[in-house]
Amino acid sequence: MSSKILSLIGGDADVGTSRIFWVGFVIVVILFALYPTQASEFRASNVAYYLLNIPLGLGMALLWGYCGVLSFGHVAYFGIAGYAYGIIAGNMAGNSFGPIAGVLGGLLASALVAGIFAYFVFYARVREWIIPILTLVLTLLLETFLGQTAGYQWRVGSVLLGGYNGMTGIPSFQIGSFVFMGYSFYYFCMVIVLVCYVSLRMLVNSNFGQVVFAIQQDPLRTETFGYDIRARQWLVFVLSAILASVSGLLYVQWGNYITPSQVGLLSAALPVIWASVGGRTSLLAVVIATIVLNWVTFTLSAQGNQYAMVIIGSALVITMLFFPRGIVIMAAEWIGRFTNRPTKSTGG
Amino acid sequence: MELDPLALSLIYQFGTNAAFLFLAALGLIVILGMMNIINLAHGELMMMGAYVATIAHNQAGLPFPLAVVVSFFSVALFGTVLELLIVRRFYGRELGALVVTWGLSLVLGQGTFLVFGPFMPAIKIPGGSYSYGSFSFSEYWLVLIGISIALVIGLYWLYRYTKYGLQARATMQNAEMAKALGVPTSRVYTLTFSLGAGLAGLSGALLAPTSTIAPFMGQQFVAPAFITVVVGGAANVISGAVGSSVLLSAIKTPIGMAFGAFLGTVALLVAALIIIRIMPNGISATIQKLMDRRRAASIS
């Protein structure tokens, strides 16, 4: 049983199957775990922000890289979960079960919207370019809707939606009387990200993952083998929406606010950029790209640099032109050429 | 004959909504129909058209119709450059093309913001307005409806009676075969992309007086334009654009008038989801099928 789980985790549906790789992986995880002991609470909180975006990036990699379906609107589920958490936990303020109810409600709300939306697009068997367009339209409409909710009449219970200024004062996550803030929130993020990554690796190595990959390679052939591709595409879409909601929940627990621009056009571009720059066919490459690009954007915009979007947009164009499989993947292969030559192992 | 002002106003709203959707989607659908490429920088090309027209009209002092023509040609030229440098590497890779043009749209939007700042002085709406009962009708929108109809006729002529149109239709049906018969397909692609870009610029310039001129104004055209294209489909450019904008306007107009503009746009998305559930390849494919069946029936 345990060897089966190990082989699922270590399978070759993602890069890195060698012993050297896993040693490196564990070292990196330990370094991340030790980071708060060397850094101020402020810096740890910044790194927590880079980490909390990873599930959203992983969802993009699963959907686009492994299943071949591109969504430009996954931030919609990020936003729906964030707002739903804010409404539920905000109304139950003072109750220690409020945040947990908020998390469940947020995940459920996102999954519901994603499920209905995905039913229409996948069961209609639309052409592949239609899905990104419709997901984008959905998230833009959500932004427009949330943007006009300023004023006192737009409230749910005691929580104001807040229009373009967004929803503020969202409670942090807590279990019992323990509130996750600062260092403890950093570790909370880290554990969730690790769980997401490892369980997704198991998923893509499982039979289900193999079929999903086959759908990406050749939908017609997979279908003639007797697999219901629509149901699987639907499930993967909902799953990736849930991953996006995990990021959305962590985001509102981190900053205690959310604004409609989180579901706007510029935010919508980000997960696609992480997945393209990293290399959408590898979960780990997307994780690395998510951390690095978030660090770059955060540093640039913290300096008030207006060129951030130009730089990020150009990075996307350059990646698509010259590194179509992703910069991290192509760099890893390039390094692998040197490290693999003498020993013939399959590291990197 | 006395017309009910409300009915007249409904007809007018229907016409303006259809014209708006048609203008917003036209350049996009021309490119999609020919090359299977969705140009996500479409909104930014419209924004460029609006900027060129504003600068030509307000600063260079050109009359507005001339400024619109200038926008068409300058954005078409920009489109040619884009096609030659970037877009042509993505033929046959639909999703790659989507992503790369999205990157372009980010750069163009933010770049315009950095160069021209957050706002441009708007263009005054040319022409006056009529009032009838308690409703008023803008002359300019009536002209836009007329221009939309003229564009349909012009495009029909272009695709039906010119050498470019013949080659374009041949390339659309079977690119390999067209190439074997001596059609310069890559030049046809370049011309089509710049035509689509130019039409986006033209629409942007025409719609400029009706909206605020800002770097991110392209975003407001994204949702309506893409819904129109999705519903229209790519089987036939003209029937797709016309059929879809008329149908969607028939849905949006009553809902928009009764419940406000935002719910009108939501109704567009819901309608699009239901329509593609029934006609996955869009209205144009359905119309095409009906026409083929009629032709087959008349032959036998």
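This is a predicted model: local features need pLDDT of at least 70, side-chain atom pairs count only at pLDDT 80 or more; totals for chains, interfaces and linings use all residues.
Residues are numbered from 1 along each chain as its sequence is written, and chains are lettered from A and ligands numbered from 1 in the order in which they are written.

**Helix pairs in chain A**

Helix α3 of chain A covers residues 41–52 and helix α11 of chain A covers residues 229–255, and the two pack at an angle of about 160° with their axes 9 Å apart. That angle makes α3(A) roughly antiparallel to α11(A); angles over 145 degrees are described in this way, those under 35 as roughly parallel, those from 65 to 115 as roughly perpendicular, and the rest as oblique. The axes are lines fitted to C-alpha atoms, for helices over the stretch in contact, and the angles run from 0 to 180 degrees between N-to-C directions.

On the side of α3(A), the residues A48(A), Y49(A) and L52(A) meet S247(A), L250(A), Y251(A) and W254(A) of α11(A). The contact of α3(A) with α11(A) contains six nonpolar residues, one polar residue and no charged residues. Here Ala, Val, Leu, Ile, Met, Phe, Trp, Tyr, Cys and Pro count as nonpolar, Asp, Glu, Lys and Arg as charged, and the others, Gly among them, as polar. Residues are in contact if their C-beta atoms, placed from the backbone, lie within 7 Å.

A second pair in chain A joins helix α2 (residues 19–38) and helix α8 (residues 182–205), whose axes come within 9 Å and cross at roughly 165°. The helices α2(A) and α8(A) are therefore roughly antiparallel to each other, and α2(A) passes α8(A) in a right-handed crossing. From α2(A) the contact draws on V29(A), F32(A), A33(A) and P36(A), and from α8(A) on Y183(A), Y186(A), M190(A) and L194(A). By class, the contact of α2(A) with α8(A) has eight nonpolar, no polar and no charged residues.

**A helix pair in chain B**

In chain B, α2(B) and α4(B) pack with their axes 9 Å apart, at an angle of about 30°, and are therefore roughly parallel to each other. The residues G43(B), E44(B), M47(B) and Y51(B) of α2(B) make this contact with S105(B), L108(B), G109(B), T112(B) and F116(B) of α4(B). The contact of α2(B) with α4(B) divides into four nonpolar, four polar and one charged residues.

| Helix pair | Angle | Axis distance |
|---|---|---|
| α3(A) and α11(A) | about 160° | 9 Å apart |
| α2(A) and α8(A) | roughly 165° | within 9 Å |
| α2(B) and α4(B) | about 30° | 9 Å apart |

**The contact of the two chains**

The contact takes 34 residues from chain A and 32 residues from chain B. On the side of chain B that touches chain A, the elements giving two or more residues are α4 (94–116), α9 (218–232) and α11 (261–278) of chain B. Of these, α4(B) gives the most, with 14 residues. By class, this side of chain B has 23 nonpolar, six polar and three charged residues.

**Overall form of each chain**

Chain A has 15 helices and six strands, while chain B has 12 helices and two strands; helices (H or I, at least four residues) and strands (E, at least two) are DSSP runs, numbered from the N terminus. The radius of gyration of chain A is 20 Å, which agrees with the value near 20 Å for a compact globule of 348 residues. The quantity is taken over C-alpha atoms, and the globule rule is 2.2 Å times the number of residues to the power 0.38. Along the principal axes, the C-alpha atoms of chain A fill a box of roughly 65 × 55 × 50 Å, and the C-alpha trace of chain B spans about 60 × 55 × 35 Å.

Buried residues make up 47% of the 348 residues in chain A, and 50% of the 300 residues of chain B count as buried. A residue is buried if 20 or more other C-beta atoms lie within 10 Å of its own, exposed if 12 or fewer, and partly exposed in between, with C-beta atoms placed from the backbone. In chain B, G61(B) lies in the loop between α2 (42–59) and α3 (64–85), and with 8 C-beta neighbours inside 10 Å G61(B) counts as exposed.

Terms used
Two residues are in contact if their C-beta atoms, placed from the backbone, lie within 7 Å. A crossing is left-handed if the near helix is turned anticlockwise from the far one by less than a right angle, and right-handed if clockwise.
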